[in-house]
Amino acid sequence: MPKKTSGLMLTIAILAIGVQDIGGGAASPALADIMAAMPDVAPATVMMISTLPQVFQVVLSIFYGKLERIFKIRTMFFIASALFLVGGVVPFWLNDIGPILVCRGILGLAVGIFLPMGVSVINHVYYEDPVKRNRMLGLNVTVACFGGMAFQMVGGYLAKIDWHYCFLAYFSAVIVFLIVFFFLPEPEKRSAQEQEKVQLPAIVYGYVVVYLIVNCILMSIVTNNAVAIVGNGFGDAASAGISLTLYTFGGFLGGIIFGNLVKGLKGFTLSFGYLLSTVGFALAFFSVNLLMIILGTFLVGLGMGIIIPGTYGKITDAAGPIAAATGLGLAAACQGLGQFAQPLVYAPVLNVVGGEGKPAFAVSAVVFAVILVLSLIASGFGAKKKSATINAK
């Protein structure tokens with residue numbers, strides 16, 4: 001167990017936790033092969049291999065703040081790693097959909113710990129240094145996007161051998177486990193008496209609700225991208241794959257530049273992320289060729305890479321060091337819930353406006369535009385209030 005770690009290895013150890021945030025994607029490239037291998041199983045049931053982890057992610061994320069007050073962070077990490085490994089790798093030896101879905105649920109429980117933990121550890125270590133904290137929050141998103149791309153690429157490559165092999169990608173948990181075990185000391189936490197006073201300000205619930213809506217909207221670019229590209233004759237499934245890769249790359253890049261954006265835009269950074277995603281959805285809706293829709297998808301991803309750390313930063317600032325873990329857990333739960341609920345929420349709306357694909361992008365652009373306006377108003381009010389406080393001093 002590390003007594004003290006600093007510098008590069010501490011940074012790597014903290015960010016390593018975030019690699020597994022989107023680990024559920026390793027099995028996605030193999031879904032078609034699994035459907036072919038299980039002809040008696042409904043395709044919607046097989047699709048749950050990809051979506052079920054998001055549902056179970058919500059279960060533990062909601063209670064993350066309470067769990068962190070009870071258990072040591074390193075202890076929770078080791079438990080989550082074990083769940084991730086079991087839930088991820090065991091399906092390699094399975095052939096029935098039922099046991100496979102059980103394992104996917106277990107994997108989701110692990111992600112439900114990893115997702116808020118990656119941000120919470122950053123707050124514990126860098127709370128007193130906002131510049132480093134913002135940089136690390138952005139890099140956490142970058143690492144998560146990298147992990148998502150890596151899991152999908154490795155899973156897809158292994159699935160070419162046999163669909164069972166895609167689940168071997170989850171052995172990566174062993175590498176992350178070793179890095180954290182040797183280089184991440186137990187973060188210093190508040191006393192038990194302080195932790196008993198945890199109470200979230202009302203504004204945190206506001207950020208959480210908006211984050212739920214935002215994740216629901218962002219997911220529409222994933223679920224409707226192929227429909228829009230293939231349905232409008234812009235390209236084929238491979239083209240849709242390139243477009244979605246650039247969406248993830250946009251998030252990767254947004255996380256990298258987030259720390260510098262905060263220095264320049266300050267309280268308007270989150271609004272800038274909303275603006276990029278609004279423009280991206282609008283561009284995708286008005287697209288007349290593949291290039292336009294790919295550019296729009298990239299801008300949505302770039303906005304996403306700013307919105308996620310921006311929201312986590314707002315929640316941390318509003319909740320304070322003691323209650324931050326609780327707020328972050330709720331936000332992580334909303335991330336999974338919003339992504340899972342997107343098709344259910346959009347279905348009745350799209351029946352009215354004209355079906356999936358580009359019409360979904362129009363709905364997303366309008367909702368994002370409303371959130372952008374509200375965010376600008378709130379940011380402007382916050383800037384005036386801060387200025388008045390400084391002048392009063």
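Asn-215 counts as buried, at 4% relative accessibility, where buried means under 20% relative accessible area, exposed over 50% and partly exposed in between, with a 1.4 Å probe and protein chains only. Asn-215 sits in helix α10 (residues 202–231); helices here are DSSP runs of H or I with at least four residues, numbered from the N terminus. Not counting residues up to four places away in sequence, Asn-215 touches Cys-334, Gln-335, Gly-338 and Gln-339, with contact meaning heavy atoms within 4.5 Å.

The model is predicted: local features need pLDDT of at least 70, side-chain atom pairs count only at pLDDT 80 or more, and totals for chains, interfaces and linings use all residues. Residues are numbered from 1 along each chain as its sequence is written, and side-chain values use heavy atoms, with hydrogens and water left out.

**Helix geometry and burial**

- Helix α6 (residues 97–126) has 30 residues and reaches 44 Å from its first C-alpha to its last, close to the 44 Å expected at 1.5 Å a residue; the expected span is 1.5 Å times one less than the number of residues.
- At Met-117, α6 bends by about 30°, the bend being the angle between axes fitted to the seven residues ending there and the seven starting there.
- Of the 30 residues of α6, 23 are buried, so the helix is mostly covered.
- Helix α12 (residues 269–285) has 17 residues and spans 25 Å between its first and last C-alpha, close to the expected 24 Å.
- The buried residues of α12 include Leu-270, Gly-273, Tyr-274, Ser-277, Phe-281 and Ala-284.
- An α-helix has 3.6 residues a turn, so residues three or four places apart point the same way.

**Salt bridge**

- A search of the whole structure finds one salt bridge, defined as a side-chain nitrogen of Lys or Arg within 4 Å of a carboxyl oxygen of Asp or Glu.
- Asp-317 and Arg-133 form a salt bridge, and their closest N and O atoms are 2.8 Å apart.
- The pair links distant parts of the chain, with Asp-317 in helix α13 (residues 290–353) and Arg-133 in helix α7 (residues 130–159), 184 residues apart.
- Arg-133 counts as buried because its relative accessibility is 4%.

**Aromatic rings**

- The whole structure holds 20 aromatic pairs; rings of Phe, Tyr and Trp (its six-membered ring) pair if their centres lie within 6.5 Å, and planes under 30 degrees apart count as stacked, over 60 as edge-to-face and the rest as tilted.
- Phe-78 and Phe-177 form a tilted pair, because their ring centres are 5.0 Å apart and their planes are at 55°.
- This pair links distant parts of the chain: Phe-78 lies in helix α5 and Phe-177 in helix α8 (residues 172–183), 99 residues apart.
- Phe-78 is partly exposed at a relative accessible area of 23%, and Phe-177 is partly exposed at 28%.
- One aromatic cluster is formed by Phe-77, Phe-78, Phe-84, Phe-114, Phe-151, Tyr-170, Phe-177, Phe-181 and Phe-182.

- Ser-243 is placed in helix α11 (residues 237–265) and counts as buried, at 0% relative accessibility.
- The side chain of Ser-243 makes a polar contact with the side chain of Asn-225 (3.1 Å); a polar contact is a pair of N or O atoms within 3.5 Å, where within protein one must be able to donate a hydrogen and the other to accept it, and residues adjacent in sequence count only if both atoms are side-chain atoms.
- Leaving aside neighbours within four places in sequence, Ser-243 is in contact with Asn-225, Ile-229, Ile-293, Ile-294 and Thr-297.
- Phe-92 is found in the loop between α5 (73–89) and α6 and is buried, with a relative accessible area of 19%.
- Residues up to four places away in sequence not counted, Phe-92 touches His-164, Tyr-165, Phe-167 and Leu-168.
- The C-alpha atoms of Phe-92 and Ser-243 are separated by 29 Å, and the two residues are 151 residues apart along the chain.

- Lys-266, in the loop between α11 and α12, has a positive phi of about 50° although it is not a glycine.
- Lys-266 is exposed, with a relative accessible area of 57%.
- Val-363 lies in helix α14 (residues 358–392) and counts as buried, at 19% relative accessibility.
- Beyond neighbours within four places in sequence, Val-363 is in contact with Tyr-346, Val-349, Leu-350 and Val-353.
- Val-363 and Ser-287 are 76 residues apart in sequence and 15 Å apart in space, C-alpha to C-alpha.

Note on methods:
Helix = DSSP H or I, 4+ residues; strand = E, 2+ residues; numbered from the N terminus.
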